Protein chains: 2
Amino acid sequence: MPTLSVFLDVPLAQKLEGSLLKTYKQDDCPNKIFLAYRVCMTSEGQPWVSSVVPKIRLQISQDPSLNYEYMPMMGMKSFTEASLKLLFGKYNQVIVENRVGGVHTVGDNGAFQLGAQFLKIWRKDSRIVYIISSKKESHGLVFQDMGFTVCEYSLWDSKQLCMDPSVLLDVAEQAPHGCIFVIGNIGDCKLTQSQWARLIASMKSKQIFPFFDIPYQGLSTGNLEEDTGFLQYFVSQDFEFFCSQSLSKIFGIYDEGVGVLVVVALNNQLLLCVLSQLMNLTQALWLNPPTRGARIITSILCNPALQGEWKQSLKELVENIMLIKEKVKEKLRLLGTPGSWDHITDQNGPQSYLGLNSQKVEYLVKKKHIYIPKNGRINFTCINAWNIDYITQSINEAVLSPEGSE
Amino acid sequence: MPTLSVFLDVPLAQKLEGSLLKTYKQDDCPNKIFLAYRVCMTSEGQPWVSSVVPKIRLQISQDPSLNYEYMPMMGMKSFTEASLKLLFGKYNQVIVENRVGGVHTVGDNGAFQLGAQFLKIWRKDSRIVYIISSKKESHGLVFQDMGFTVCEYSLWDSKQLCMDPSVLLDVAEQAPHGCIFVIGNIGDCKLTQSQWARLIASMKSKQIFPFFDIPYQGLSTGNLEEDTGFLQYFVSQDFEFFCSQSLSKIFGIYDEGVGVLVVVALNNQLLLCVLSQLMNLTQALWLNPPTRGARIITSILCNPALQGEWKQSLKELVENIMLIKEKVKEKLRLLGTPGSWDHITDQNGPQSYLGLNSQKVEYLVKKKHIYIPKNGRINFTCINAWNIDYITQSINEAVLSPEGSE
């Protein structure tokens, strides 16, 4: 009798992402362009790496004093300390009062995984997670797999073509008591003072637990402090919160995903309890986090000259993003493409919405071989001197085509 | 009104491990010795690193052709391929028939985490996990946290001072239908042909799913093929199984925990289904695994000269372990310490049982400042020319002391 497989009932899983890239790679058209890379690209079409990183890589490889033993479970202490100072600023009250701590994690998904496990165990009444961001986030899955009810809301208003903070306010007012808010990109929303007050009041009265997502501090505005300034506000309002701090993208070490699960508590004693529980959870998750990326980042952040060089490289990257956006807008204006296109330059960061509906996007993919996700959110650093004319002319064509016009 | 903390009910967690090392570090005695490092040590008391690794590290840092983009979710393909060939041998039927695959994971705990998540979803009737190994394994926690019932059995017979495969046979005969067996160190047990037949018969008839643990291929016998030979037997008996393959320890890159969750299925179609589901799970766990360690290992395994050099370094390490064990035994004999001490050299690998009861161990820790885990299992590579006399004399003293003698 032939053996029956244990895996007989396991179906082929649908791919969750990457199918656009796969179609792009299979496309034989010489003009094909992919505008959805997750990483920032240089004007030569290569993944961006901060100029300071290769030097440090080499230096670390040649350092005979380094040992390659296991890290403690919490990860590299100097790394989390440097990362927290970057996130909050050296003199922030949570640092001075010793009530912020971090666990070195495997990328930002690792931070969400760890944080979600903690919340599942220690906030048994919090079973609903609201994810409010400018796009669909992969960490929705993390919470879902763990049994949370996940509701996702987009801050992007595809009709008005702008970020709409009222989504966040409405959700906060309608959400049940004690739920969890995973908040991304809130720094890119311009909340008025009264909107802030409304948000804080709702979140306080309902004891909503905030879990912030900082995927790339500095890449929104080019200013590291400005990008995370809103955290200060939550600190000043006596919130306790988690924060997923990802550092790979802002150094250009994408293959060494390093992140920090940041914990802000009301006092040091509470913090130590939370960190001790998190440490036990990391043991089951990955025991010791990989150190390579953390070592590179720590070497840079702990040396003022290198830190300066890195900040400069980040600033240049952001200036380049702004320049590309300006050029795209200008070229569309010169082509007479209907619409204002101000929304392109109004958005921060490398990833922004083109503001095209799905039919127009399909037109670009199918007819022009320009690969764009269905929601029309592209990575502007994929546009360079060689492809900008083809891209803007194609957008113009798509907008003018009768397909998908209202 | 002061704000109440969200974390008010979170107690300080008990540390799961590391307290012995902490006590050792706090000890002021100049003679103190720690014999429980997780990594192999050189005769100079430094963590062992294969001589080929520093060269590769440097080479990789200087290679301008490498890019540092995100890896695919399944990890580095060349790495998993090379690892599978190492585990099974190039011409193994599962490789030839294309029915073995692997997912690049964050260390071996990552492999257990991923495998356990899969089994939880796709083997809903398998809720009991038996962990059968020579020592308490940290992955028991992984399964426990996920809601499995975990039963642990030790292969070490502390009375007879030997590995006892009958433990495994008895558990297999008493275990319920459809349970999961996490099996470590089975290669170190000398099963007779009839014992093998009994084991296979029980596991087959009860559809027990094997999940093997290969923490350090080659470090048991010094022979890479011999250490994992038992896998061939399970393959030949048409078993489907998982295997956690850890590679950090055998290259000496402890801080870049890299592992592979190995999947063996009855055919390629089944394998692809399982791998596709695992890929979706990795997205929530860590999205992309870190590549540094994988890159180092792949560079070595894919170059015959480097692979030869690495194998030689591993062989020397194992020969050194055997030599240390012989010397310890010899010195105890010369001291006239009661007992045969053959069990020291009869055990394979760097970590072996001294065969002392907990009172004798306590004597060594408290009176001689020699730090040994309660079960008396030590890392023999921590013993070197400078401390061997003190250690053997102390063991002699402990054995002769009236404390804890029967």
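## Salt bridges in a predicted model

B:E173 is partly exposed, at 37% relative accessible area. The model is predicted; local features need pLDDT of at least 70, side-chain atom pairs count only at pLDDT 80 or more, and totals for chains, interfaces and linings use all residues. Residues are numbered from 1 along each chain as its sequence is written, chains are lettered from A, and side-chain values use heavy atoms, without hydrogens and water.

Side chains of opposite charge can pair when their charged atoms come close. A salt bridge puts a side-chain nitrogen of Lys or Arg within 4 Å of a carboxyl oxygen of Asp or Glu. Over all chains, the structure holds 19 salt bridges. Among them are these:

| Pair | N to O distance |
|---|---|
| A:K329 and A:D342 | 3.2 Å |
| A:K366 and A:E362 | 3.2 Å |
| B:R198 and B:E173 | 2.9 Å |

B:R198 and B:E173 link distant parts of chain B, 25 residues apart. B:R198 sits in helix 8 (residues 193-205), and B:E173 in helix 7 (residues 166-174). Helices are DSSP runs (H or I, at least four residues), numbered from the N terminus. B:R198 is partly exposed, at 39%.

A:K366 and A:E362 share helix 16 (residues 358-368) of chain A. They are four residues apart, about one turn of the helix. A:K366 is exposed at 58%, whereas A:E362 is partly exposed at 44%.

A:K329 is buried at 10%, and A:D342 is partly exposed at 29%.

Methods. Buried < 20%, exposed > 50% of the residue type's maximum accessible area, 1.4 Å probe, protein only. Helix = DSSP H or I, 4+ residues; strand = E, 2+ residues; numbered from the N terminus.
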